[in-house]
Amino acid sequence: GDVMVADGLATVTFMFNRVPEREYYLQAVVDGITSDIVKINVTQSVSDIKLFNSNGEEMADGDDMTIWYLSEEEIYTFFTEVLPEDATNKSIAVTIEPEGILSYAQGEIEGAHDFTILSKGTATITFESVDNPSVKKTITVTTKKKLAEMWLDLDEYTIYSDEVAEGRLNFWPADADINYDNFMFTVWGEQEGWEYLRIEPRFEESEVGDNGLVIPVSIEPVS
């Protein structure tokens, strides 16, 4: 190492460059005088964290994603890989802001991070190295509830060409995230006296009932 002497005090500086992780012992000898033995622990610091979603796709710092779920208490798992491989302390601290959308638990296998879905919403998750807090990955996660079932009830199953039939679209669960812009109705079969059916959902009259979210619809043959 380099030796500097100032005011009678000698300072020895050692630069370690990828030396094996282990214990080292240092002893100085100057003009036949031997110093005490000093133990030096050399460790490998964490330089990077790689983050992967449940499909094995790598995520970058600042990424955002949507997790769709059917019911609360479902678990979504992220995976991390800590570099270098021989890092001494690979522990990762996980924080979630705000609370109440996801809860966290360490996965059963190395590098697995399990998140239990508590509710719909948007949360920020940070994976931070305990050894080197400057190394971290932060992502934004939005949880949305899937539509499990949808069915159509009609008051009358015989529709005359000069009449408008009434029905109801039922969605379960009632709090599912539905994109109404993607609505499409398909009608097939033989037609007599009319060209097509006009089906008009009345979203403004929707209400929540025992069968989930109910939206009234009008069905009218058009000649």
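A nonpolar core is a set of buried Ala, Val, Leu, Ile, Met, Phe, Trp, Tyr and Cys residues joined through side-chain atoms within 4.5 Å. Buried means under 20% relative accessible area, exposed means over 50%, and partly exposed lies in between (1.4 Å probe, protein chains only). The views below come from a predicted model, where local features need pLDDT of at least 70, side-chain atom pairs count only at pLDDT 80 or more, and totals for chains, interfaces and linings use all residues. Residues are numbered from 1 along each chain as its sequence is written, and side-chain values use heavy atoms, with hydrogens and water left out.

**View A. The largest nonpolar core has 24 residues.** Those with the most contacts inside this core are Phe-78, Leu-102, Phe-115, Ile-125, Phe-127, Ile-139 and Val-141. Two or more residues come from each of β7 (48-52), β9, β10 (75-83), β11, β13 (112-117), β14 and β15 (136-145). Strands (E, at least two residues) are DSSP runs, numbered from the N terminus. Another core, of 7 residues, lies apart from this one; Leu-169, Phe-171, Ile-178 and Ile-215 are among its members. In soluble globular proteins, nonpolar side chains tend to be buried together.

**View B. What does Leu-102 touch?** Contact means heavy atoms within 4.5 Å. Neighbours within four places in sequence are left aside. Leu-102 then meets Ile-96, Phe-115, Thr-116, Ile-117, Leu-118, Ala-123, Ile-125, Val-141 and Thr-143.

**View C. Five aromatic residues, Tyr-76, Phe-78, Tyr-104, Phe-115 and Phe-127, form one cluster.** Rings of Phe, Tyr and Trp (its six-membered ring) pair if their centres lie within 6.5 Å; planes under 30 degrees apart count as stacked, over 60 as edge-to-face and the rest as tilted. The structure holds 5 aromatic pairs. Phe-78 and Phe-127 make an edge-to-face pair, 6.1 Å centre to centre with 65° between the planes. Phe-78 sits in strand β10 and Phe-127 in strand β14, 49 residues apart. Both residues of this pair, Phe-78 and Phe-127, are buried. Tyr-104 and Phe-115 make a tilted pair, 5.2 Å centre to centre with 50° between the planes. Tyr-104 belongs to strand β12 (residues 102-106) and Phe-115 to strand β13, so this pair ties together parts 11 residues apart in sequence. Tyr-104 is partly exposed, at 28% relative accessible area, whereas Phe-115 is buried, at 1%.

**View D. An open sheet of 4 strands runs in the order β9-β15-β14-β11.** Its pairing is mixed. Two strands pair if DSSP finds at least two bridges between them. β9 (64-69) and β11 (92-97) stand at the edges with a single partner strand each, so one side of each has no neighbour in the sheet. β11 and β14 (residues 121-129) run antiparallel, joined by 6 bridges. Thr-95 stands opposite Thr-126 in β14.

**View E. Ser-129 lies in strand β14.** Ser-129 is buried, with a relative accessible area of 2%. Its side chain reaches the backbone nitrogen of Asp-131 at 3.2 Å. Not counting residues up to four places away in sequence, Ser-129 touches Val-46, Ile-49, Ser-91 and Val-135.

**View F. Some backbone details sit in loops.** A cis peptide bond, with omega about 0°, joins Leu-83 and Pro-84. Pro-84 lies in the loop between β10 and β11. Trp-172 and Pro-173 are also joined by a cis peptide bond. Pro-173 is in the loop between β17 (165-172) and β18 (196-201). Glu-73, in the loop between β9 and β10, has a positive phi near 80°.

How values were computed. A polar contact is a pair of N or O atoms within 3.5 Å; within protein, one must be able to donate a hydrogen and the other to accept it, and residues adjacent in sequence count only if both atoms are side-chain atoms.
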